[in-house]
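Take a look at the model below.

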Amino acid sequence: MKINDTPGHWTMELTMESLNIPPGFIYPAFVFGTLTYVMILFCNILVFTTIILTKSLHSPMFILLLNLPVLDVMGATALFPQLLHSIVSNDRSISYPGCFLQALLIHIYASGNFLFLTAMAYDRYIAICLPLRYHSLMTSNILISIIVGVWLFDIFMLAVLFGISTRFKFCTNNIVDVLCNNPSLVKLACGDSSVNNYYGLFTIILVQGGSLLLVIFTYIQIFVTCVKNKQSGARGKALQTCGTHLIVFLLLEINSLIVLLSHRFESVSPHLRRAIGLSIIVFPPVLNPLIYGLNTKEIQKNMIKIIKRVNLKTTN
C-alpha cells in the first residue's frame, strides 16, 4: 500500500495489530465482547438514568458522578463496535479519520475520568472539612462552571495534542497496537516527533500527576477531619462515600500507569501490551457503575426502584 509522503493523509488506510484469535475462538470472542459491551451500556445508562430521575440525588456529588457514565459509554463505544467487527471479519484495517476519531475519544474518556474524579474529591473535601461553607462554595453556578470547565479543558487539551500530530508525514501504515491511540499514531511518523512527545508528557503530568496530588491532599484533610469527628455515624458514612471514590480513582490511576509504562518499554511483550491497552477501556466502564451501584446506598436503593418500576410497566 502506498504511504503518503505529505501531511494530507486523511484518505489513508491503516492496519492495526492482529488479534491472533484462533479460528475456533472467533465467535466465542465475539459473543464475549458483545456481552461485555452490552453490560457496559446497561450498567452505565442505569446509573445515569437513576441520578437523572431521582431528585434526592441531584446534589453536587452525584451531578459530578453523572459525567462518569457518559465518559465510560464514550470510551467503550469508541472501541467495541470496531473491535467486534474486526473479530468477525478478520479485517484489521481502519481509515485514518476513523483511527484519529477513535484515539481522540479514548483519550477524552481517560483524561475526563481523572478530571471528574478529582472534582469529586474536591466536592467531598468541602462537604466533610468545610461543611458550614459547603452550600456557598458549591452553588449551582459553581457546579455548572466546574462541569463545563472540565469538559472544555479536556477537549481543548487533547485537540491540541492530536492537532499537532496531523502535520507529520507517515512512513508506515501499521498501528502497533490493537486500538488507535496517540502513541501509536505518533509512531507512524517519520519526522521528528519530539514536540508531540514533550506535549504528551506534559498532559500526562498535568492530568494524572495533578489529579493524584490533589486527591492525596484532599484525602489527607478528609482523614484528619474524620479522625477528629466524634460522631461515629457521620464519620462512617463519610469514609464509606470517600472509600468508594478512592477505589475507583486508584483503579484508574494504576491501570493508566501500567498502560503508559508498557508503551515506554519496548521489551514488554506485544501480547501483554495488547491486553493492558484494552484493559483501561474495559475494566473502568464495567467496574465504575458496579462499585458505585453496590457501595453507594442512595444509588443502589433508587436503582432497585427504577428496575421494579420498569418491570411493572412491562408486565402490565
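Q: Why is Arg124 called buried?
A: In this predicted model, Arg124 has a relative accessibility of 14%. Buried means under 20%, so Arg124 counts as buried.

Q: What makes the contact of Asp123 with Arg124 a salt bridge?
A: The closest N and O atoms are 2.8 Å apart. The cut-off is within 4 Å, so the pair of Asp123 and Arg124 qualifies. A search of the whole structure finds one salt bridge. Asp123 is buried too, at 0% relative accessibility.

Q: How do you know that Cys99 and Cys180 form a disulfide?
A: Their S to S distance is 2.0 Å. A disulfide needs sulfur atoms within 2.5 Å, so Cys99 and Cys180 are joined. The structure holds one disulfide.

Q: Which parts does the pair of Cys99 and Cys180 tie together?
A: Cys99 lies in helix 4 (residues 96-129). Cys180 lies in the loop between strand 3 (174-175) and helix 7 (182-186). These parts are 81 residues apart in sequence.

Q: Why is Cys180 called buried?
A: Its relative accessible area is 0%. The limit is under 20%, so Cys180 is buried. Cys99 also has 0% and is buried.

Q: Why is Cys129 in no disulfide?
A: The nearest cysteine sulfur, that of Cys226, is 7.4 Å away. A disulfide requires within 2.5 Å, so Cys129 is in no disulfide.

Q: Why is Ile216 called partly exposed?
A: Ile216 has a relative accessible area of 41%. Buried is under 20% and exposed is over 50%, so Ile216 is partly exposed. Ile216 lies in helix 8 (residues 194-228).

How values were computed:
Residues numbered from 1 in each chain as written. Predicted model: local features only at pLDDT ≥ 70, side-chain atom pairs only at ≥ 80, totals over all residues. Heavy atoms only, no water. Helix = DSSP H or I, 4+ residues; strand = E, 2+ residues; numbered from the N terminus. Buried < 20%, exposed > 50% of the residue type's maximum accessible area, 1.4 Å probe, protein only. Salt bridge = Lys/Arg side-chain N within 4 Å of Asp/Glu carboxyl O.
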